[in-house]
Amino acid sequence: DIPSGFLNSNAGLGDPLAERCAALGIRFLDLTEALQQEAVSRVLFATDPHWTALGHRLVAERRFQAWSW
């Protein structure tokens, strides 16, 4: 089962990962907020933390909005 609080910003890797990417000059897009806007059961499968089709769509939309050239 998905751990309780899996998508809480406190449980995510966003901040340390963003800092490391910035130090290396790598663009980083924190998707935690985009995924938190939907119920966990809609964006993640019940048995593992992989994205559902909706999760993939939300990530693709956010990525396009942030990095469309």
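The exercises below concern a predicted model.

Residues are numbered from 1 along each chain as its sequence is written, and side-chain values use heavy atoms, without hydrogens or water. Local features need pLDDT of at least 70 and side-chain atom pairs count only at pLDDT 80 or more, while totals for chains, interfaces and linings use all residues.

**Exercise 1.** Find where confidence is lowest and highest in the chain.

Solution. Start with pLDDT, the predictor's confidence in each residue, from 0 to 100. The chain averages 79, and 78% of the residues score at least 70. Then take the helices (DSSP runs of H or I, at least four residues, numbered from the N terminus). Helix H2 (residues 32-36) has the lowest mean, 81; helix H4 (residues 53-67) has the highest, 90.

**Exercise 2.** Decide whether Thr52 is buried or exposed, and list what Thr52 touches.

Solution. Thr52 sits in the loop between H3 and H4. Thr52 counts as buried because its relative accessibility is 11% (buried is under 20% relative accessible area, exposed over 50%, partly exposed in between; 1.4 Å probe, protein chains only). Its side chain reaches the backbone oxygen of Arg42 at 2.6 Å. Leaving out residues up to four places away in sequence, Thr52 touches Arg42, Val43, Leu44 and Phe45 (contact: heavy atoms within 4.5 Å).

Technical notes:
Helix = DSSP H or I, 4+ residues; strand = E, 2+ residues; numbered from the N terminus. Polar contact = N/O pair within 3.5 Å; in protein donor to acceptor, adjacent residues only side chain to side chain.
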